[in-house]
Each structure stands twice: as C-alpha cells, then as structure tokens.
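User: I would like to learn how to read helix packing in a model. Please take me through one case.

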Amino acid sequence: MMPDQMKQKGEEPVVLGIKDRVMTSLATGVVSPLPRWRICTRTTVLFLLTVVVTAVLALLTGALFFRLRVTAWWLLPQTGSDGLPFLFQMFPWGLALGVFVSAFAVQPLWRRYAIGYRFSVLSLFIGFLASLFFFGILLGRTPLHACLWEHGGVTIPFLDRFYGDGSAQKGRPIILGTVEVVSKGTSHEMIVRARDGRRWTVSPSGSGAIAWGGTAEVGSRVVVVGKKGEGIIRAVAIRTFRGDEQCPLPRWSNKKEE
Amino acid sequence: MSSKTEDEQPTDEEVAREVQQGQRERFGVLVERYQEKLLRYGRRMLFNGRDIEDVVQEIFLKVYKNIQAYDASRPFAPWVYRVAHSEFINAGKKRVREAFDLFDPDVFFPHPYAAQANPEEEAEREETKRFVAELLEKLEEKYREPIALFYLEALSYRDIGQILRLPVSTVGVRITRAKKQLFALVAAREDKMSDV
C-alpha cells in the first residue's frame, strides 16, 4: 500500500472506499472502456448533427429574411398599408419559431467545440449574420440570383417555394413578372407581364401606400404580393430586381413548364 | 498535475496513456490523485446535492469508460474536471440555468480582459485563496465555480474556460467580479466585528 493511501485511510476512510468501489467495478467488468471506433463514430455523428443543425438554422434564417424582404413586411408599420395587424397576420411565425428552436438546438452542439465557447455568443452571432450577408450579397450580385429567378416556378427543391409562382402566403399569391409600363403619375400603378404572358395592372391596395422593396423601372423584374382581381392585382408588397441580370445556364424544362 | 513530481512519478497524461493501452490497474493511480480534488470540487458545487461520493464514483467510471476519447497530448486535469462538471450539473439543479446561458451578458458580449491573472494578482493569491475557502458559499452561483477552480484547484483561465465551456475573457470577468464580491463580504464582516 502506498504511503499516500495509508494517510488517506487514516484520515478519511471514505476516500479509499471510492477507489475500492471504482476498481472493483473495473475488475468485475461492470464498466469497460468504449472502443475507439465507437468514440470516433459518436464524434462523427455529433459533428454531422452540428453541421446539419447549423445548416438548417442558416437556411431557416435566410428564408425568414427572404420572406420578409420579398414582401417588405417590415416596412408595413412605417407605410401604414394595413398596419400592425397585417404584419402580425402575415409574419412567418413558423419560420421564426424554426429559427428560434434551431438556435437553441445548435448551442449545446457548438459548445462542444473550441470555436463555440472561446468566442462570445455575440461574436458568433455577428459572424453568422456576416456569413448570411456575404451569401446574400453573393446571391444578389452573381448570376445565381438571376438563375433562381429564371428557374423560379420550375421545380427546384426547397428554393422554388421562395422564388416560384406557386408560392402563396396566407392566401395572398406571389406573382413573378417583368415590368412593362410604369405610371408617370402618383398612382404607383404599373403593368407587369407575368411568366405565363398574362398582363396584370398592379396597383396599391385600398389603403393607398404600399411597401416597395425597390424602384420599379421598365424591364425590372418584380415579385408582387397581393389580391388578384380581373386583370388587376391589388398589391400589398412589391419587390423589384434588376432587369439586366441574365442566367448563363440553360433553362431546364420540367412538367410545370410544359 | 502535468509535470513530474520530485521522485519522477509518471504524469497524469502518461498514466492515462497506459490506461488507454489496456493497463486497467493503472487507473487506480488516477483515482488516488483526483478523488480528493473531485470531492472538494463537488462539495463546492453541490452544497445541498446528492451524496457527493456517489457522484465522484460515477465520474471516475465515466472517465474510465471514455478514456479512449481523451487526447493524451493535452493536459489531463481539464478533461477530468470537464467530465466532473457535467456530472455535478446533472446531479445538481444547475441544468436549467445552463440552458439559458444565451442570455447571460457575460457570455453574450466580448470582454476586453487579460487572458490570465497578472503578477499583482498572483501576489495576493494566497490571501484571496483563504477568503475563497471561507466565503465561497456566499458568492453568487455563477461566480463560485470559476473562482474555486482558479484559486483552490490552481487551474489556468484557459483550463477553466475549457471546463466550463466559457470564453477565456468571460472566465476573467467572472473571477474579477467574484473577487470584488468576496472583498465586499470580507469588509462587511470586518465592519461587523469592529462594531461588536
């Protein structure tokens, strides 16, 4: 017996008890070391889970921003279109909840890694936002955006719901099209040719003001959210895109196009 | 514990490597070296918790079970304390608090704080250590653990950050605030005694 042990035994017999119990458990095989392959597998699975949850968080946050941007909902209280009740009604609560839940799910996963706890949450959050902005700018300044635009309405997994004609937001459809005529007066009306060739007169909804996501010019491409009437769309929100962007990729076809 | 002792006993890392290689009985050396430390650590974390000896036993069994996950090129102590920290949290009632770290301003904002105690702080270390041992229970909960690990377990900011999963700057801020609380408590106690 080692001197240390004797000392400990004399002063605190319970201390030796712990060692005895631990070593007995080891000797009887109650506990055995996990093999390295299991630890590697566990680490890999956790790493993949971290990547997946982070990707889901980034995607949901991007989608949330995109939805808000497309419909310019955040401008509604300022422009007074339908005001706060409309904002509340149209706010993507599901997406926001998804972002919230993902943010909580990703935190303990990230904290397993040095990068997750060596930096403050704010630093990580700013880094995350910076990445989103970077990819947002990349999306807006490269042909990728035009490609998504061109192929909106075609079946693109997941993304088509943000760019596609088929998207409907709480009963208010999104119409994609190109601006042909813009009113010179103060009526804010314009004529938009939709993908299917149909022409729509877009005018602000009843309350007058409209949440504009940019300046509409002839040739601009627009996303219009509003109520459809006979050749008229009463728009509650409009988002415009530059008209000179072209997708270098060939337009692929699918059943929807046919 | 990573440096060799005077009579050239193997370091914790060397012993851990032997255990990884299958020398099960060598795990007893690690138990001997850490059992008192973990009991002490447990008493500070679980003032009214479950039987600390049982928790410490579970910690050792968990350490042994996961010994292959330990990277022997890194210090052993922070790894053991990390396992212990998790087990004590599971055994205690701090789990709920940890889940809300996101809203802790100490963790949320970056702090321009020195990454390690300066020489002046080192000089007052012994005095502070005495106060920590006496008044630890009276400190706010989130300050207890970092200050106990720093002054009583003699771990570095970096190691404490690794154990508590906190940025090193946050560890520094918490220790500084804990010291302020501590000295305020000491001053209050001395005032009381002088009144008597």
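Analyst: Start with one contact. In chain B, B:Pro78, B:Tyr81, B:Arg82 and B:His85 of H4(B) meet B:Asp159, B:Gln162, B:Ile163 and B:Leu164 of H10(B). By class, this contact of H4(B) with H10(B) consists of four nonpolar, two polar and two charged residues. Keep in mind that the model is predicted.

User: How is the geometry of such a pair described?

Analyst: Two packed helices are described by the angle between their axes and the distance between the axes. In this case, helix H4 (residues 76-91) of chain B packs on H10(B) at an angle of about 35°, and the axes are 8 Å apart. The crossing of H4(B) past H10(B) is right-handed.

User: Which residues of H9(B) and H10(B) meet?

Analyst: On the H9(B) side they are B:Glu145, B:Pro146, B:Leu149 and B:Phe150, and on the H10(B) side B:Tyr157, B:Ile160, B:Ile163 and B:Leu164. Sorted by class, the contact of H9(B) with H10(B) has seven nonpolar residues, no polar ones and one charged residue. B:Ile163 and B:Leu164 are listed here, and they are also listed in the contact with H4(B).

User: At what angle do the axes of H9(B) and H10(B) cross?

Analyst: Helix H9 (residues 141-152) and helix H10 (residues 157-164) of chain B cross at roughly 140°, and their axes come within 10 Å. An angle over 145 degrees would count as roughly antiparallel; H9(B) and H10(B) are therefore oblique to each other. H9(B) passes H10(B) in a right-handed crossing.

User: How many of the residues of H10(B) are buried?

Analyst: Six of the eight residues are buried, and H10(B) is mostly covered. The buried residues are B:Tyr157, B:Asp159, B:Ile160, B:Gly161, B:Ile163 and B:Leu164. For B:Asp159, burial goes together with a place in the contact with H4(B). B:Tyr157 and B:Ile160 are buried and belong to the contact with H9(B).

User: What should I look at in the loops on either side of H10(B)?

Analyst: Look at the backbone phi angles. The loop between H9 and H10 of chain B holds B:Ala154, whose phi is near 55°, a positive value in a residue other than glycine. B:Arg165 is not a glycine, yet its phi is positive, at about 55°.

User: Is B:Ala154 buried or exposed, and is B:Arg165 buried or exposed?

Analyst: B:Ala154 has a relative accessible area of 57% and is exposed. B:Arg165 has a relative accessibility of 17%; the cut-off for buried is under 20%, so B:Arg165 counts as buried.

User: How many helices and strands does chain B have?

Analyst: Chain B has eleven helices and zero strands. Of its 196 residues, 52% count as buried. The accessible surface of chain B is about 9800 Å², and carbon and sulfur atoms make up 50% of that.

User: Where is A:Ala194 found?

Analyst: A:Ala194 is in strand S3 (residues 190-194) of chain A. With a relative accessible area of 9%, A:Ala194 is buried. Its C-alpha atom is separated by 9.6 Å from that of A:Arg221, which is 27 residues apart along the chain.

Conventions: Residues are numbered from 1 along each chain as its sequence is written. Chains are lettered from A and ligands numbered from 1 in the order in which they are written. This is a predicted model: local features need pLDDT of at least 70, side-chain atom pairs count only at pLDDT 80 or more; totals for chains, interfaces and linings use all residues. Side-chain values use heavy atoms; hydrogens and water are left out. Helices (H or I, at least four residues) and strands (E, at least two) are DSSP runs, numbered from the N terminus. Buried means under 20% relative accessible area, exposed over 50%, partly exposed in between (1.4 Å probe, protein chains only). Accessible areas come from the Shrake-Rupley method with a 1.4 Å probe; for residues, only the protein chains shown count as cover. Axes are lines fitted to C-alpha atoms, for helices over the stretch in contact, and angles run from 0 to 180 degrees between N-to-C directions. Angles under 35 degrees count as roughly parallel, over 145 as roughly antiparallel, 65 to 115 as roughly perpendicular and the rest as oblique. A crossing is left-handed if the near helix is turned anticlockwise from the far one by less than a right angle, and right-handed if clockwise. Contact means heavy atoms within 4.5 Å. Ala, Val, Leu, Ile, Met, Phe, Trp, Tyr, Cys and Pro count as nonpolar, Asp, Glu, Lys and Arg as charged, and the others, Gly among them, as polar.
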